[in-house]
Amino acid sequence: MTETLQGTSAWIRRFQPSPDAPHRLVCFPHAGGAATYWFPTAQALAPGVDVLAVQYPGRQDRRTEPCVESVETLADHTAAEVLAWSDRPVTLFGHSMGAMVAFETARRLEEAGRPAAGLVVSGMRAPSRTRGVPGRAQAAQAAETEEELVAGILRLQGTDAAVLEDPELVRMILPTIRSDYKAAESYRWRPGPPLRTPIAVLTGTEDPHVDRDQAEAWREHTAGPFSLTVFTGGHFFLNEHAEGVRKVVTDHIARSFQANSV
């Protein structure tokens, strides 16, 4: 294994290194999220899957770096990083805004002639149906008050309410969340050929921002196998169904691994 693969860059976190795993899973956080969101996934899937988590600029140990306000630019960077780890099959997994970044990363990998083995997306309508983070257009506006933004985050149930009760923590994380929402809201799908990469879609029955038809429309974005799995719950249903979500992911990895072995 090369020195590049032994370590990580500023963009990649490898919480549970599994160098003997036959497959890698690269996880992309939601708006306002960080690589540590995927720590439980890395713990649960090691050593069978080598899990990498993307760390966007502007948060945690990268908090002094400017945030990136473009999904396409995030994908440009992450595609370059993933290529450095593609000595074995790689599946991409993104939630909400992370699903858009993962999708655009998959496009870039195919353009580079190194397609991902699989793509798993959750909590996001299909790119052809997407106009930014669902229902969050107003959150990207600098004029929105802190109280309104916090209330919107709480409604999505993706952030511990106790965190948002700490004024100092709120001051630290809200600029990042605003920047991520701006990146997501400015995203516009660029029409092109469907991916060859198989796509697995996860959605919640009570997600107020993604209905079943919008989730089903991901089928248009792959010429390969497609699956849709519906869980009970809202936008962050994957917090309530962590084990079930991981099973969908590992089943998707297994199918793509078998297909690539034929």
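Is P225 buried or exposed? P225 is exposed, with a relative accessible area of 58%; exposed means over 50%, buried under 20% and partly exposed in between, using a 1.4 Å probe and protein chains only. This is a predicted model, in which local features need pLDDT of at least 70 and side-chain atom pairs count only at pLDDT 80 or more, while totals for chains, interfaces and linings use all residues. Residues are numbered from 1 along each chain as its sequence is written, and side-chain values use heavy atoms, with hydrogens and water left out.

**The chain as a whole**

- The protein chain has 10 helices and 7 strands; these are DSSP runs numbered from the N terminus, with helices (H or I) of at least four residues and strands (E) of at least two.
- Of its 262 residues, 52% count as buried.
- Among contacts in the protein chain with a separation of 6 or more, 79% come from residues 24 or more positions apart, where contact means heavy atoms within 4.5 Å.

**Helices α3 and α4**

- Helix α3 (residues 71-84) and helix α4 (residues 97-111) have axes that come within 8 Å and cross at roughly 55 degrees. The axes are lines fitted to C-alpha atoms, for helices over the stretch in contact, and angles run from 0 to 180 degrees between N-to-C directions.
- The two helices are therefore oblique to each other. Under the scheme used, angles under 35 degrees count as roughly parallel, over 145 as roughly antiparallel, 65 to 115 as roughly perpendicular and the rest as oblique.
- The crossing of α3 past α4 is right-handed, which is the term when the near helix is turned clockwise from the far one by less than a right angle; anticlockwise gives left-handed.
- On the α3 side the contact is made by V71, E72, L74, A75, D76, T78, A79, V82 and L83, and on the α4 side by M97, M100, V101, E104, T105, R108 and L109.
- By class, this contact of α3 with α4 has 10 nonpolar, 2 polar and 4 charged residues. Here Ala, Val, Leu, Ile, Met, Phe, Trp, Tyr, Cys and Pro count as nonpolar, Asp, Glu, Lys and Arg as charged, and the others, Gly among them, as polar.

**Nonpolar cores**

- The largest nonpolar core has 42 residues, of which V26, F28, L92, L119, I199 and W218 touch the most other members. Such a core is a set of buried Ala, Val, Leu, Ile, Met, Phe, Trp, Tyr and Cys residues joined through side-chain atoms within 4.5 Å.
- Two or more residues of this core come from each of β2 (24-28), β3 (50-54), α3, β4 (90-95), α4, β5 (118-122), α7 (167-185) and β6 (199-204).
- Helix α4 gives the largest share of this core, 8 residues.
- Another core, of 21 residues, lies apart from the largest one and includes W38, V51, A53 and V245.
- Leaving aside neighbours within four places in sequence, I199 is in contact with L119, V121, W218, H221, T222, P225, F226, S227 and H252.

**Backbone geometry**

- Most residues other than glycine have a negative phi, and most peptide bonds are trans.
- A46 and P47 are joined by a cis peptide bond, with omega about 0 degrees; P47 lies in the loop between α2 (39-45) and β3.
- Q60, in the loop between β3 and α3, is not a glycine but has a positive phi of about 50 degrees. At 34% relative accessibility, Q60 is partly exposed.
- S96, in the loop between β4 and α4, has a positive phi of about 55 degrees and is not a glycine. At 4% relative accessibility, S96 is buried.

- S122 belongs to strand β5 and is buried at 1% relative accessibility. Not counting residues up to four places away in sequence, S122 touches F93, G94, H95, S96, A99, L202, F237 and L238.
- S122 and M97 are 25 residues apart along the chain, and their C-alpha atoms are separated by 9.4 Å.
- G204 is in strand β6 and is buried at 6% relative accessibility. The C-alpha atoms of G204 and H235, 31 residues apart along the chain, are separated by 6.3 Å.
- P225 sits in the loop between α8 (212-216) and β7 (226-231). P225 and P198 are 27 residues apart in sequence and 4.8 Å apart in space, C-alpha to C-alpha.
- Not counting residues up to four places away in sequence, P225 touches P198 and I199.
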